[in-house]
Amino acid sequence: MKRKKYLTLGSLFVMVSLFLSGCVQRTASGKPYGFVYEKLAVPTQHIMDALSNWLGGSGNSYGWAIILITFIVRLVLMPVMLSQLKKSTIQQEKLGSIRPQLNDIQKRQKEAKTPEERAQISQEMMALYKENNISMTGGIGCLPLLIQMPIFAALYAAIQYSELLSKSTFYGINLGQRSFTFVILTFLIYALQGWLSLQGVSEEQKKQMSSMMIVSPVMLAFMTYISPAGLGLYFFVGGIFACIQTLLINIMRPRIRANIEAELKAKPAKTVIAKESQPTVVKQPAKASAPKTHNRKRNAGKQRHKHK
């Protein structure tokens, strides 16, 4: 399960990195062009210019324009993100009901000596999750990040290829250059969000979730490191929203837990019994070919009867 979570996050991280780094093409003279530049970056530059003028056109106005864009985007996405977090919380609470069975399966999986034995135990684990309507990924959804990918690309290209934006500053930080300040701030804000997500859960769940508390901040800090400071500011402000969303889920957690407990009382968690090994592939063709031989003999008998 942990491996699947890491693979999901890793895949999304690679997708975002490739999307940010290779989405704009250049002519021989160095002029940017292409769909992302023309349809995303240029309109974003115009929006940023308009917001900057509306905010007074001061030295920090472009930074505040990025914060305003982040606020609008995260406000629009908040219902989707809260829904994803709620689903993840429900999955965590349900997981507690099958924990003894899951621990036994994981122990046997570590002790398995043959690939066939490991495959059989893996099938048993999948059956346990399926029978109890629990997601193998823990309810983690990719939709919020996928929706934000065009915004990442638009801001990245707008800041990188706009002369005015790339030279603008926000309280002394050049928005067009890498900023270690935002790298550190992004890591800290998402570490705080990870710590908040551990509040109100059992000690056993904390052990399961603690590794994710480090992986997510490190990945987002690295994305901030490879991006201009303007995008780093977007990540940091987004982290503040993530903390607010986690606090809201923590407030909802006691009610979610009570609902799950009532559901389990009415419909207890199902137990999956380990099945015996399936017949080998070698034996199956022999069983399949038997009826054909029998039919052949019957046909031969019919032909002899007709001949008489």
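Where does Tyr171 lie? Tyr171 sits in the loop between strand S3 (169-170) and strand S4 (173-174).

Some ground rules. This is a predicted model: local features need pLDDT of at least 70, side-chain atom pairs count only at pLDDT 80 or more, and totals for chains, interfaces and linings use all residues. Residues are numbered from 1 along each chain as its sequence is written, and side-chain values use heavy atoms, with hydrogens and water left out. Helices (H or I, at least four residues) and strands (E, at least two) are DSSP runs, numbered from the N terminus.

Let's start with helix H3. H3 covers residues 61-97, which makes 37 residues. From its first C-alpha to its last, H3 reaches 52 Å. That is close to the expected 54 Å at 1.5 Å a residue. The expected span is 1.5 Å times one less than the number of residues. H3 also has a kink of about 50 degrees, at Met78.

Side chains of opposite charge can pair when their charged atoms come close. A salt bridge here is a side-chain nitrogen of Lys or Arg within 4 Å of a carboxyl oxygen of Asp or Glu. How many salt bridges does the structure hold? It holds 5.

Take Arg253 and Glu93. Their closest N and O atoms are 3.5 Å apart. This pair links distant parts of the chain: Arg253 is in helix H10 (residues 229-266), Glu93 is in H3, and they are 160 residues apart. Buried means under 20% relative accessible area, exposed means over 50%, and partly exposed is in between (1.4 Å probe, protein chains only). Arg253 counts as buried because its relative accessible area is 4%. Glu93 is buried too, at 12%.

Glu93 has another partner. Arg257 meets Glu93 in a salt bridge at 3.1 Å, N to O. Arg257 has 28% relative accessibility, so it counts as partly exposed. Together, Glu93, Arg253 and Arg257 are linked in a network of salt bridges.

Next, Lys94 and Glu263. They form a salt bridge, with the closest N and O atoms 3.9 Å apart. Lys94 is in H3 and Glu263 is in H10, 169 residues apart, so this pair also links distant parts of the chain. Lys94 is buried, at 11% relative accessible area. Glu263 counts as partly exposed, at 43%.

Now the aromatics. A pair of aromatic rings is described by the distance of the centres and the angle of the planes. Rings of Phe, Tyr and Trp (its six-membered ring) pair if their centres lie within 6.5 Å; planes under 30 degrees apart count as stacked, over 60 as edge-to-face, and the rest as tilted. The whole structure has 6 aromatic pairs. One of them is Trp64 with Phe170, edge-to-face, at 5.6 Å centre to centre and 80 degrees between the planes. Trp64 belongs to H3 and Phe170 to strand S3, 106 residues apart. Trp64 is partly exposed, at 40% relative accessibility. Phe170 is buried, at 10%.

Back to Tyr171, as promised. Trp64, Phe170 and Tyr171 form one aromatic cluster. Tyr171 counts as exposed because its relative accessibility is 56%. Its backbone deserves a look as well. Most residues other than glycine have a negative phi. Phi of Tyr171 is positive, near 50 degrees. Asn133 has a positive phi too, of about 55 degrees, and is not a glycine. Asn133 lies in the loop between helix H5 (115-131) and helix H6 (143-161). Asn133 is exposed, at 57% relative accessibility.

One contrast inside H5: Ile121 lies in that helix. Is Ile121 buried or exposed? Ile121 counts as buried, at 5% relative accessibility. Ile121 and Ile105 are 16 residues apart in sequence and 6.8 Å apart in space, C-alpha to C-alpha.

That is the tour. Questions, please.

How values were computed:
Bend = angle between axes of the 7 residues up to and from the residue.
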